[in-house]
Amino acid sequence: MIVALALLAYCVVLATVGVRTLTSGARYIEREPRLGILAWQALSFSMLASTVLAGVALTVPTVRISTDVADLLTACAMALRAQYAAPGGAASGATGAVLAVAVLGRCAFCLARTFRAALVTRARQRETLAIVGRPDVDLGVTVVEHDQPAAYCLPGRGRRIVLTSGALATLGSIQLASVLAHERAHLRGRHDLVLAAAEALDHAFPRVKAFAVARGEIGRLIEMAADDAACARTDRLVVADALLTLAAQPVPAAALGAGGTTSPSRIRRLIGGVTPLSRPRAAAGSAAALLVAILPVILLSAPAVTALGLNYCSSQAMGTPSTSVAAHSTPLS
C-alpha cells in the first residue's frame, strides 16, 4: 500500500509542480525545442506509468529477487496466497487490477482512435489533392490553385508537401526554401506521431489538465523545432519573414504547417534570436527527463531490491506458506 500511495503521490506532483515548472521555464525550453518535447513526453509517460504501476503494486506483492527461478516462483505463489487470504487483500488487489487495466485500456483505445482518424482524414485529403492539385517536379510539392499563401505537409503514407499558388507567387526563392525545409523537417522527424500521442492522452483523460497543457506545448515546440531546421538552411530573419507571410492561414486537420496559431510567438522568437543550450546543459536536461520517466519503475522495484538480503526458508521447510511469506516478503499493498 505504501508504494502504491507513493506512486500516486508522484503522479500528483508531476501534474501540478511538474507542469508549473515546465511552463514557467518556457523561455529556457524554447532554446532547445527537442529537449522540451522530450521533457513533456517524459512527464506524460511518467504520470501514466505511475498510475498503472500503482495498480500493479496493489495487485501483486513483491518478493525477494532471486537468481533461482524455482525459488522465485515459489516465493511469488506464497506471497500471492498470503495477500489474498488476508482481510482486505482481495479488495485492494481487485481495485489495483481495475485501475491498471482501465488506464491502459483507455490509452490504447484513444491512441487507436486518434491514429485511425488521422489516417482517414489524410486519405481524404490526398484524394482531393489528386483532383485539384498539380505536381511540381522541380520543388517536389503539390500545388493547389488559391490566391492566399499557405503551406503544409501531409505526413504518413503518401506523404507530400502542399503549397498554394499564392504562396509560390508571394514567397521569394530564399523564403520558399526555408518553408520547404520547415515542412521537410516535420516529415523527417515524424512529428505527426509525437503530436498524435499527445492528442490521444488529452482525449483519454480530458479532466487531467496536465495532458491538455502538454498537448499544446508539444505542438508549439514541434513547430519551433521545424523552424530551427529551416534556420539551418537560411537566415532566421528570412524564416520569420516567411512565417509572417503564411501566419494568417490555418493548417488543415491532420496536417502540419508553417502557419497557424503558434506563428506570432515563433516569429517573436526568431526575431529576438535563439541561443541554443550548451551541450552540458542539454545533456543534464535529457538526463533529468529520463529520470522523471523511469522513477515510477524505481519506486515499484525498491521493495524487491530491499528484500534482496532477506533469507527465505529452505525448500524443505515450505510446509507453512503463510508464515514464511509473512516473515520474508515485502508486500506492495
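Me: What makes the set of 54 residues a nonpolar core, and which of them have the most contacts inside it?
Reply: A nonpolar core is a set of buried Ala, Val, Leu, Ile, Met, Phe, Trp, Tyr and Cys residues joined through side-chain atoms within 4.5 Å; the largest such core here has 54 residues, with W40, M47, L48, L163, V179 and F205 having the most contacts inside it. Helix α9 (residues 209-231) gives the most to this core, namely 8 residues, where a helix is a DSSP run of H or I of at least four residues and a strand one of E of at least two, numbered from the N terminus. The model is predicted, so local features need pLDDT of at least 70 and side-chain atom pairs count only at pLDDT 80 or more, while totals for chains, interfaces and linings use all residues. Side-chain values use heavy atoms, without hydrogens and water, and residues are numbered from 1 along each chain as its sequence is written.

Me: Why is I29 called buried?
Reply: Buried means under 20% relative accessible area, exposed over 50% and partly exposed in between (1.4 Å probe, protein chains only); because I29 has 13% relative accessibility, I29 counts as buried. I29 lies in helix α2 (residues 26-29).

Me: What does I29 contact, leaving aside neighbours within four places in sequence?
Reply: Contact means heavy atoms within 4.5 Å, and on that basis I29 is in contact with L22, G36 and L221, its neighbours within four places in sequence being left aside.

Me: How do you know that strands β2 and β4 pair?
Reply: Two strands pair if DSSP finds at least two bridges between them, and β2 (residues 141-144) and β4 (residues 160-164) pair in the parallel sense over 3 bridges.
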